[in-house]
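Please examine the sequence and the three-dimensional view that follow.

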Amino acid sequence: MHEISLADVPGLVGQELGTSKWITIDQKMINLFADATHDHQFIHVNPERAAAESPFGGTIAHGFLTLSLLSVMNFNGLPKIREQTMGLNYGFERVRFMSPVKTGSRVRGRFKFSDCRFRGASMLFTTYEVMVEIENENKPALTATWIAIVQFDPKDRPKGV
């Protein structure tokens, strides 16, 4: 993944900035997430019961598991900002779980850069329209607006912003 300069970031608003690598969501990942979150609903962790009783034909990933994968998708799908010293998750708006992610499916994130604002001496608030695609499916797993903070050394702040 290539690097960009902090000064170049405002000029990228409105552009699709990247697509992540595919990630396979297997039953082991789903089970580990269920253990971490204490969400052991059968549609996630019981393949036999999910096949018999759910409309999905088997287990599906937790929506929040899919959402949480955006962190790694961001890391491997977006250009790095050369001057960034740290990135912080500020939150999400308009998260929508559009389609279930069946166990064994591959997903990837697609990121459109929609806004940025410099705040304080060393912060840049960035907003992305994100979509998690499911391989060979027409509808995405989820869509959301993601706000993140780029932290940088104040000496690196572009002039005039």
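Is His38 buried or exposed? His38 is exposed, with a relative accessible area of 66%. Here buried means under 20% relative accessible area, exposed means over 50%, and partly exposed lies in between, with a 1.4 Å probe and protein chains only. The model is a predicted one, in which local features need pLDDT of at least 70, side-chain atom pairs count only at pLDDT 80 or more, and totals for chains, interfaces and linings use all residues. Residues are numbered from 1 along each chain as its sequence is written, and side-chain values use heavy atoms, with hydrogens and water left out.

His38 sits in the loop between helix H1 (27-37) and helix H2 (42-45). Helices (H or I, at least four residues) and strands (E, at least two) are DSSP runs, numbered from the N terminus. Just after H1, His38 takes a positive phi of about 60°, although His38 is a residue other than glycine. Most residues other than glycine have a negative phi. Arg94, which is not a glycine, also has a positive phi, of about 50°. Arg94 belongs to strand S5 and is exposed, with a relative accessible area of 53%.

The wider plan can now be considered. The secondary structure of the protein comes to 5 helices and 8 strands. Along the sequence, these follow the pattern β-β-β-α-α-α-α-α-β-β-β-β-β. The C-alpha trace spans about 60 × 30 × 25 Å along its principal axes. Of the 161 residues in the protein, 42% are buried. The protein exposes about 8800 Å², and carbon and sulfur atoms supply 52% of that area; accessible areas come from the Shrake-Rupley method with a 1.4 Å probe, and for residues only the protein chains shown count as cover. Among contacts (heavy atoms within 4.5 Å) with a separation of 6 or more, 72% join residues 24 or more positions apart.

In H1, Gln27, Ile30, Phe33 and Ala34 are buried. Seen down the axis of H1, these buried residues fall within an arc of 125°, so they line one face of the helix; the arc is that of the directions from the helix axis to the C-beta atoms. The buried residues of H1 pack against H2, helix H3 (47-53) and helix H4 (63-68). On the face of H1 turned away from the buried side, Lys28 and Ala36 are exposed. Helix H5 (residues 70-77) has Leu70, Met73, Asn76 and Gly77 as buried residues. They cover an arc of only 135° around the axis, which puts them on the same side of H5.

Arg106 lies in strand S6 (residues 106-119) and is partly exposed, with a relative accessible area of 31%. Arg106 and Thr24 are 82 residues apart in sequence, yet 4.2 Å apart in space, C-alpha to C-alpha. Leaving aside neighbours within four places in sequence, Arg106 is in contact with Trp22, Ile23, Thr24, Glu133, Ile134 and Glu135. Ala144, in strand S8, counts as buried at 4% relative accessibility. The C-alpha atoms of Ala144 and Val130, 14 residues apart along the chain, are separated by 5.4 Å. Glu16 belongs to strand S2 (residues 16-19) and counts as partly exposed at 45% relative accessibility. Glu16 touches Arg110, Phe111 and Lys112, not counting residues up to four places away in sequence. By contrast, the C-alpha atoms of Glu16 and Ala52, 36 residues apart along the chain, are separated by 41 Å.

The last topic is empty space. Rolling a probe the size of a water molecule over the atoms shows where empty space is left. On a 1 Å grid over the protein atoms alone, a pocket is an open set of points where a 1.4 Å probe fits, with protein on both sides within 12 Å along at least five of seven lines, and lining residues have an atom within 4 Å of a point. About 410 Å³ of space lies in the largest pocket; grid points are joined across faces, edges and corners, and a volume is the space filled by probe spheres set on the points. The largest pocket is lined by 21 residues, and Asn74, Leu78, Gln84, Gly87 and Val150 lie nearest its centre. The elements giving two or more residues to this lining are H5, strand S4 (80-81), strand S5 (84-97), strand S7 (123-134) and strand S8 (142-152).
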